[in-house]
Amino acid sequence: MKMNNFFDIKIGSYLAYPGSRNDFNSILKSNIQIDLGEDEFEDIDNVYYYPELFEKINKNLKEKNLYHLLEEIENPLSNVLMKMEYEGIRLDLDLINEIKEIFEIEIHKLEVKIFEISEIEFNIASPKQLGEILFEKLALESKPKKTKTGQYSTSEETLSKLAKKHDFVNLILEWRSLQKLLTTYVYSLPKQIDQHSNRIHTEFNQTLTTTGRLSSINPNLQNIPIRTKKGKLIRKCFTPRDKNYTLLCADYSQIELRIIASLSGDTNMKAAFINNEDIHTSTAARVFNINIDEVNEEQRRNAKIVNFGIIYGVSAFGLSNQTGLSRSESKEIIDNYFKSYPKLKEYMNNQISFAREKGYVETILKRKRYLPEINSRNAILRSSAERNAINTPVQGSAADIIKLSMIRIDNEFEKRSLKSKLLLQVHDELVFDVDLAEIDIVKEIVTNNMENTIKIDVPLKVDIGNGDNWLVAH
DNA sequence: GTAATCACG
DNA sequence: ACGTACGTGATTACA
């Protein structure tokens, strides 16, 4: 076969493990979006025997400008993920059993109190039964909110509003969060410890998300609790492999906002990051037209919500929902926001135009997401595609950056024959099991690669720390 | 199997 | 005039 017309695909050199979800065929389908039609092949070696397939792949890579993404990111990453899955992470069984006892005593107390008030035992976990108790037996609300299937809504949001007036609802909320922690983490994680390695081996899916992020299953180690006091106890159970090791956590500070600052080229937002300002405080100062040192907690909190909203494709309605501000106040804040960061509005409109014209949007490494509904006559579908057009380049570029960092860090570890291992990726964070003797060099390698592997128009900043468990390392 | 809920970035 | 934030996975209840 003549190779001159083809890119030199190094297929096979990376895909070391049979049966992986992240095989070459899946990567082509999801990340490169190559439709192989009826020509699907299971065994990667086959591609060498089917010149027409080989040609089809190369034609796609060339047309879509995706050779680099396949060759420099997704293929080598599959090998890094394989090693992370193989390595696993240690769970402190004694500690999680202590936590189990504490939680079980507490949840039992809650149940006694709840049934005292309801005067009848019912299944608190059943939204249907709970709705009937709350809104019929106890009649806590005159016109209760319903879900789309006609059931009473008992979501956290609905219940939190009710809880101000009725303490009973607080008991339900506490029971729910405790039940969640018990079933999803305390009971389930110990069952997932591998018999041979005594460690938990998650599986990373490289070919699932629409934006280029990874996902994690069996168990999902990308949603280990951290936001609440009790949740933090769960995170504390993840520990280094032994007393000669420490867990190291490195996370990007505000990577998505830095990316949108860079992509939009907005001078004001770029300046905030270049001057190492607190972005939410800076935003509050601009939006509310006050000095940085005059920003109060509430203003910063609202500015933070707007900053996130911008990344998601904000509307005045969505903002007022999140903040409790009125619709008109929200509109005013958003108007001020775009006056403060004028290029951002322009950038968002440009992304939408780009998607309408080309049918897709792309990240800084040319990862593409196709948005066929961007030209739909259905306003709901169209606005959804427009929000995707804004959000995907931001979320996806962050995924590009951390993926390339992971590959570089892995290469560096191999080159220096370090014992320390990359264990987990949580979207903007990497977790390592670090040999204490290597801590200084590992910190240097990790920070340097995460901050400098891909340059954008503002500095990337990494917070790094280590300790005897995942909670204190953070 | 789907809906509802809630854990994370 | 419309309905409303982006991306995931696990658990439980229930049709």
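## Terms and basis

Helices and strands are DSSP runs numbered from the N terminus, a helix (H or I) having at least four residues and a strand (E) at least two. The model is predicted. On this basis, chain A contains 20 helices and 10 strands.

## Surface near DNA strand C

DNA strand C is surrounded by 40 residues, of which S126, S215, G309, V314 and S315 are the closest. Two or more residues each are given to this surface by helix 6 (127-137), helix 8 (167-186), strand 3 (215-217), helix 14 (297-312), helix 15 (316-323) and helix 18 (379-415). Helix 18 provides the largest share, eight residues.

Sorted by class, the surface near DNA strand C has 25 polar, 12 nonpolar and three charged residues.

## Surface near DNA strand B

Around DNA strand B there are 22 residues; the closest are T147, T149, E156, N223 and R227. The largest share of the surface near DNA strand B comes from helix 8, with three residues. Helix 8 is also among the elements that give two or more residues to the surface near DNA strand C.

An open sheet is formed by four strands in the order 8-9-5-10, with antiparallel pairing. Its edges are strand 8 (421-425) and strand 10 (462-467), each of which pairs on one side only. On average, and with direction ignored, neighbouring strands of the sheet are turned by 20 degrees against each other. Helix 18 packs on this sheet, where it touches strand 8 and strand 9 (429-435); the direction of helix 18 makes about 165 degrees with that of strand 8. Helix 18 is also the element with the largest share of the surface near DNA strand C.

The pairings can be followed across the sheet. Strand 8 and strand 9 are joined by four bridges in the antiparallel sense, and K421 has D433 in strand 9 as its bridge partner. These two strands form a hairpin with three residues between them, and H427 in the turn has a positive phi of about 70 degrees. Strand 5 and strand 9 pair over seven bridges, again in the antiparallel sense. Here T246 is bridged to V434, and A250 to L430. In strand 10, D463 stands opposite D251, and V462 is the bridge partner of Y252.

## Burial and overall dimensions

How many residues of strand 5 are buried? Seven of its eight residues are, and strand 5 is thus mostly covered. Strand 9 is likewise mostly covered, with five of its seven residues buried. For chain A as a whole, 33% of the 474 residues count as buried.

The C-alpha trace of chain A spans about 80 × 55 × 50 Å along its principal axes. A compact globule of 474 residues would have a radius of gyration near 23 Å, and the 25 Å of chain A agrees with this. Among contacts in chain A between residues at least 6 apart in sequence, 62% join residues at least 24 apart.

K339 lies in helix 16 (residues 327-340). Is K339 buried or partly exposed? K339 counts as partly exposed because it has 13 C-beta neighbours inside 10 Å, whereas a buried residue requires 20 or more. The C-alpha atoms of K339 and R286 are separated by 9.0 Å, although the residues are 53 apart along the chain.

K343 belongs to helix 17 (residues 342-358). With 18 other C-beta atoms within 10 Å, K343 is partly exposed. Residues up to four places away in sequence being left out, K343 touches S264, G265 and D266. K343 and N58 are 285 residues apart in sequence, and their C-alpha atoms are 37 Å apart in space.

Terms used:
Residues are numbered from 1 along each chain as its sequence is written. Chains are lettered from A and ligands numbered from 1 in the order in which they are written. This is a predicted model: local features need pLDDT of at least 70, side-chain atom pairs count only at pLDDT 80 or more; totals for chains, interfaces and linings use all residues. A residue is near a molecule or strand if its C-beta atom, placed from the backbone, lies within 6 Å of it. Ala, Val, Leu, Ile, Met, Phe, Trp, Tyr, Cys and Pro count as nonpolar, Asp, Glu, Lys and Arg as charged, and the others, Gly among them, as polar. Two strands pair if DSSP finds at least two bridges between them. Axes are lines fitted to C-alpha atoms, for helices over the stretch in contact, and angles run from 0 to 180 degrees between N-to-C directions. Two residues are in contact if their C-beta atoms, placed from the backbone, lie within 7 Å. The radius of gyration is taken over C-alpha atoms; the globule rule is 2.2 Å times the number of residues to the power 0.38. A residue is buried if 20 or more other C-beta atoms lie within 10 Å of its own, exposed if 12 or fewer, and partly exposed in between; C-beta atoms are placed from the backbone.
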